[in-house]
Amino acid sequence: MAITSFSVDLLVVTPNQLRKINIKLSKDPKDGGSVDWMMDFGLEERSKTTEDFHEVVKLSVKLKQAHHDKADQTAKKGLDSTQTSQVFIASDAAKLASEGEIPKPSAQAEVRKVIAVRGTGD
Amino acid sequence: MNQSLSLSLLRSLSAPWVVLCWLCLTTQVAAQGATTSSCSHPRQPEFYSQGNYRVREVYIKSPFGLVAHSLAALKPNLPLQRDSDFSLDASSAGRRMIEAKLQEVEKNADQRLRIRVVLAEIDNCHESDPRQLDVIYWVVTTDYNSYFSHTWEFKNDESARPAATVTTAAAAAGRARSLLTISPYAGYNRTRQLSGGGQARLRLPGGIFESLDLNASGSPAGSIASLDLSGAWTPGRTALNRVEYRLGYRRVDLPADNNRLRQGVMQLQFFGATKPLGDRKLVVRFGAAMEGGNQQTDLTGEAETVRSLASSGYGALKTYLGGTLRTERYALAGSYGVQLATRGATVAVDFVKHVGDLALTTRWLPGQQKPGEAHKALTLEAQLSGGVIRTLGRTPVTERFFGGNAAQYFISGDNWRIRSGPFIRSIPQNRMGGAVGGTRFYSVNLTVARPVWGYPMIPKEMAADPEFPEKWQGAQDIAQSVLTGTYLNRFPESFAGIITHLAPVEAAIAELKVLLNLLPDDPPDELPSNLRGQYQRTLRHTITVGAVTGRALKEKAELPSKLEALLKEKDSATCMGPPLPPPPEDEDVEDDTSEDQITCSKFTRLRFELGDLAGLLRQANLTAEADKVEGVQAILASRQIELIEEFKQIDKSGAQRMAEADMDSVTPILKAIKDEINLLAVSPVAIFDVARLWPDRNGTRFGLGGGVRVTVVNFNVTLGYAFNPDSRPREGRGAFFFSMDVTDLFR
């Protein structure tokens with residue numbers, strides 16, 4: 001069998017059960033021979049555990065060609081510690097964008113950095 | 001959930017499970033039908049995407065057949081259909097449609113963690129004319145509950161067994177969220193005869209109680225009805241991971257030999273469980289219940305002869321304690337309960353009841369198996385139960401021990417079931433113990449089964465695909481990393497020092513925010529024209545990095561998880577040295593993933609931006625503003641090195657351990673899917689029971705028999721016949737036995 005495209009989709013509710021983080025990494029080879037890597041980031045929140053989650057923001061970003069190898073490594077080996085920390089920074093940025101404090105493209109850039117900040121050693 | 005061949009028989013044949021079996025089977029048959037030739041360019045899928053290959057067939061497959069079938073309706077709408085030209089773009093579009101459908105199906109699941117991998121593949125490439133290939137979409141998700149949640153039995157029984165199963169956090173959280181669920185059932189039992197009834201669950205979102213359950217069944221011989229309000233709370237503490245509570249009323253009217261047992265009881269129950277403790281994942285359970293009501297039986301004289309009350313009031317306080325531990329090969333559960341009871345509204349204790357229950361489930365897996373071959377684990381289930389009533393005054397007859405092939409439980413309706421009567425599959429319900437039951441008992445039940453035929457969960461072609469395990473493992477690693485990050489916030493004492501030392505930085509960034517808001521968005525006129533674009537970009541960038549950094553510092557409870565991105569440099573020489581030159585004019589302002597932006601921490605990025613901004617402000621003759629910006633920059637520069645060192649010294653292993661413990665509820669799924677679970681299996685079953693009740697002149701009783709077990713994934717339906725080698729009048733030569741239970745393979 002030959003894999004033509006795939007997605008790895010993760011949903012985590014934080015231990016205090018007030019935030020739900022959704023990260024999806026997908027790879028789509030195109031007909032022309034190029035490859036698209038996409039990262040989707042979703043954040044839901046609630047103020048009490050008895051309430052339902054409400055969506056704060058959903059961001060979808062296309063990764064730069066220069067970071068495709070890092071995306072591939074992330075899909076195979078998971079996030080390193082800096083990437084993990086960047087997930088939470090991206091989460092803050094997404095919320096700031098939803099509040100109008102920063103432009104949405106800036107929040108998307110922070111999501112993109114979840115892949116970009118991966119160390120080169122692994 | 002062991003029962004006589006009664007209410008459960010037709011329940012097991014009810015539509016959901018028949019459909020489930022059929023769905024799983026047909027999926028598997030479809031999967032088996034695919035040929036296994038491969039494609040010559042597995043690393044160059046574009047080779048097949050030049051209009052030169054046609055699609056022979058499109059498959060949607062999943063180890064969980066029901067997942068694939070929930071997607072079946074989508075298949076006619078996929079961009080790639082039989083005889084269409086293969087294209088990578090269309091293949092990817094199809095994968096995204098499948099993901100969207102999965103999102104819709106799983107949206108009501110309330111799990112703490114869900115991992116999903118969707119693969120689009122090509123296979124069976126016929127590389128000479130006519131050039132054809134198959135398109136296969138593989139779906140694997142840990143949220144299997146969403147696909148089973150429409151059946152009441154599965155969700156309840158999943159948490160019901162004391163012996164072989166323990167409710168996992170994920171399963172508990174993933175209960176069906178339909179507002180109303182109704183399940184009718186019917187069955188036959190020699191004691192109860194033909195009976196029918198139903199179960200209804202109404203979800204009550206937002207209140208103290210989460211659900212209202214009504215369960216009623218009746219027959220010419222007797223009836224059982226219960227109404228329960230129940231709820232749960234998950235503190236998530238080691239000593240108290242989950243609390244469940246229930247307020248209910250239960251009414252029973254059943255025959256026992258030539259007597260009738262009638263009881264109406266109001267119950268208030270609490271149940272608590274710890275987190276899994278130690279390497280053996282010991283879960284300690286504890287609980288208490290208060291009960292009050294009345295009971296009536298028909299035979300007053302017989303009751304008097306055993307110092308019991310044929311009809312009376314009833315009140316009781318029950319407590320129970322137990323533990324369950326699991327390894328890859330066995331699950332062991334032990335429970336003890338004690339009941340202090342009265343004959344009505346009095347504090348004078350009339351009797352004290354003690355019950356104990358010890359259960360073991362173990363499996364022996366054969367060695368290496370061929371891909372596509374059913375897993376043939378030998379399973380042994382053993383259960384030892386016992387109890388004694390110490391009579392201080394008079395005991396209501398309905399509280400004495402009665403035996404037979406329907407298990408009786410110490411706390412009815414509770415998720416944790418402790419047997420409170422001898423269980424023997426060769427004697428009909430309530431026929432052991434005569435008309436007034438006994439005051440002591442024990443029973444031992446052994447069941448052995450081994451599949452002889454079936455299909456494994458992972459079809460042959462997927463088991464042989466090396467890329468799937470890689471992606472699946474990667475997803476688990478991502479999950480564990482994110483959990484580790486979130487658990488850092490659970491150690492505020494470890495981060496207290498560094499958070500205190502960050503206070504001046506936080507104050508400086510708060511001042512910076514005020515200053516940045518006062519700066520003009522448009523470049524000042526004094527600025528040379530060649531720097532005007534840079535000014536706008538730098539200002540916007542500084543606002544963004546400042547806002548993100550400021551938000552992270554402000555929310556202190558979640559700050560530990562963000563500190564590494566704020567502080568840690570990937571390349572200290574670059575980041576702690578002099579500022580890098582500003583990015584070229586044509587670089588995308590918002591897509592700031594230039595090298596300094598990704599190798600340096602947020603603090604350093606902010607420091608660099610502030611340096612650039614201060615320089616631009618000076619050129620624009622905004623000297624006072626430039627001084628303030630440089631002041632913030634200086635505070636960052638002066639604190640950063642010592643903060644980095646302090647961060648490095650913090651022990652983060654506790655968060656890693658907590659994340660690993662969480663993943664223990666997910667990672668076994670992959671192993672179980674790969675090595676243990678059969679989609680469908682048929683196993684011969686052998687049983688042996690021993691039971692004794694006192695006083696009973698019939699002595700020790702035996703049951704010996706066999707039957708067949710049909711297993712769909714981890715749901716077992718067992719049907720058989722147990723012979724009664726020393727039968728007494730009204731008992732018969734034996735009895736059918738029937739059970740439905742869920743084996744917790746995901747341990």
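A residue is buried if 20 or more other C-beta atoms lie within 10 Å of its own, exposed if 12 or fewer, and partly exposed in between, with C-beta atoms placed from the backbone. This is a predicted model: local features need pLDDT of at least 70, side-chain atom pairs count only at pLDDT 80 or more, and totals for chains, interfaces and linings use all residues. Residues are numbered from 1 along each chain as its sequence is written, and chains are lettered from A and ligands numbered from 1 in the order in which they are written.

**Stop 1: B:Phe647**

Select B:Phe647, in helix α18 (residues 623-649) of chain B. Helices (H or I, at least four residues) and strands (E, at least two) are DSSP runs, numbered from the N terminus. B:Phe647 has 18 C-beta neighbours inside 10 Å, so it counts as partly exposed. Leaving out residues up to four places away in sequence, B:Phe647 touches B:Ile498, B:Leu563, B:Leu567 and B:Lys568. Contact here means C-beta atoms, placed from the backbone, within 7 Å.

**Stop 2: the sheet across both chains**

Select the strands of an open, seven-stranded sheet with mixed pairing. Read the order as β4(A)-β3(A)-β2(A)-β1(A)-β3(B)-β4(B)-β2(B). Two strands pair if DSSP finds at least two bridges between them. β4 (54-62) of chain A and β2 (54-61) of chain B are the edges; each has a single partner strand, so one side of each lacks a neighbour in the sheet. On average, neighbouring strands are turned by 10° against each other, direction ignored.

Zoom to β2 (residues 19-29) and β3 (residues 35-45) of chain A, an antiparallel pair with 11 bridges. A:Leu25 faces A:Met39 of β3(A).

Next, cross the chain boundary. β1(A) and β3(B) are antiparallel over 10 bridges. A:Phe6 has B:Leu119 as its bridge partner in β3(B).

**Stop 3: the side of chain A that touches chain B**

Show the contacts between chains: 52 residues of chain A meet 66 of chain B. On the chain A side, β1, β2, α1 (68-77), α2 (81-98) and α3 (104-116) each supply at least two residues. β1(A) gives the largest share, 12 residues.

**Stop 4: α2(A)**

Select α2(A). Of its 18 residues, 16 are buried. From first C-alpha to last it reaches 26 Å, close to the 26 Å expected at 1.5 Å a residue (1.5 Å times one less than the number of residues). Finish just after α2(A), at A:Gly100, where phi is positive, about 80°.

Technical notes: Axes are lines fitted to C-alpha atoms, for helices over the stretch in contact, and angles run from 0 to 180 degrees between N-to-C directions. Two residues are in contact if their C-beta atoms, placed from the backbone, lie within 7 Å.
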